[in-house]
Amino acid sequence: MYKNLAATLLAALAMSAVPGVSAQTSGSSPSTPVRAAWMYVTPVTDAGWTRQHDDARLQVERALGNSVRTTHVASVAEGPDAERVLRDLARQGNQIIFTTSFGYMEPAMKVAREFPQVKFEVLTGYRQAPNIATANARYYEGRYLAGIAAGRVTKSNLAGYVVGFPIPEVLQGINAFTQGMRSVNPKAQVRVIWLNEWFNPSREREAATLLMDQGADVLAFHTGSTAVPVAAQQRGRWVIGYHSDMRRYAPDHQLLSISHLWGDYEVSRIKALQQGSWKSQNVWNGVRQGAIRVGDFGRKVPAAVQQEVLRRQQELAVGKLQPFAGPITDREGKLRVPAGQTLSDAQVLSMNWLAQGVQAPPLGK
């Protein structure tokens, strides 16, 4: 299900530009709390992807108080299990359900047809329906900034990158990280290991160890646990915290963290449901909107590196910095972005190539 996404992603982008893709819902009575549910692909850990989504749920509770009742189900496998849990949550009377994994998109599409009165927020995905909205974040913006920091501190000129699946949002992150790293250190290389699963702490740790054995002195990852930061701390290598601040796992060696902030979006969507203004939509927010934030520097990160990254983050927020500005050549030597040009959103969303400087097995293998 992770292959051949380019056409559907482009269609989704076009669809998102059309206002009013669905009818609005009727509002809830002020005296009746909205029932909202969240579905997670991993356990709720102290940090990481699911931690950020559960923090958003808790922010909803704080912001909306007695006007909302929330529940969540963790460790739901993508596929038939997700479909079953979604159906149960709908039958239990939940009026809005937040699904928090790409692999939940198809189960949500199926269940949403059976429960047209329930609103589904698919985080992340690209297919909408009258009662399905999608939202994603420009993770690649944070990756580019992290790459700048990595390029400044590396001594081996090799970064390691542990990833789940080679889907477009992952490829965007790898390429942006590489572009950021090579923007300040043209000799830098990024070596990738695919795991083909999002959450397996033992395999994540094994991959991180292998990359360090091969000379990587900076690690990045796109998986669901804190295993990579723990491994980096033990070996004294720099690591990029991802999804949330992970300094507690790598107090001496977290270079910085890329945090994903979902709470404001989710509060606004439940308010829209309460007010009768909820509509299907497709949102793709980044640094400018506060959905992505880079910071939480480790205590050993040089001040000059911190200042450079924060300055570049401000440039990105106001549009002065574009992570995918040309020239960019892929690892086969093909010019992907000519000088003076920048990838469009549609081209970023359908990314299916790796940039020069990335060392990885062939995609799809």
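The legends below describe close-up views of one predicted model. Residues are numbered from 1 along each chain as its sequence is written, and side-chain values use heavy atoms, with hydrogens and water left out. In this predicted model, local features need pLDDT of at least 70 and side-chain atom pairs count only at pLDDT 80 or more, while totals for chains, interfaces and linings use all residues.

View 1. Strand 7 (residues 189-194) pairs with strand 15 in the parallel sense over 2 bridges, and Gln 359 in strand 15 is the bridge partner of Arg 191.

**View 2. The aromatic pair of Tyr 161 and Phe 177.** Rings of Phe, Tyr and Trp (its six-membered ring) pair if their centres lie within 6.5 Å, and planes under 30 degrees apart count as stacked, over 60 as edge-to-face and the rest as tilted. This pair is edge-to-face, with 5.6 Å centre to centre and 80° between the planes. Tyr 161 lies in strand 6 and Phe 177 in helix 6 (residues 168-184; a helix is a DSSP run of H or I with at least four residues), so the pair ties together parts that are 16 residues apart in sequence.

**View 3. Arg 143 over the face of Tyr 242.** Arg 143 lies at 3.5 Å from the ring centre; a charge sits over a ring if NZ of Lys or CZ of Arg is within 6 Å of the ring centre and within 35 degrees of the ring normal.

Conventions: Two strands pair if DSSP finds at least two bridges between them.
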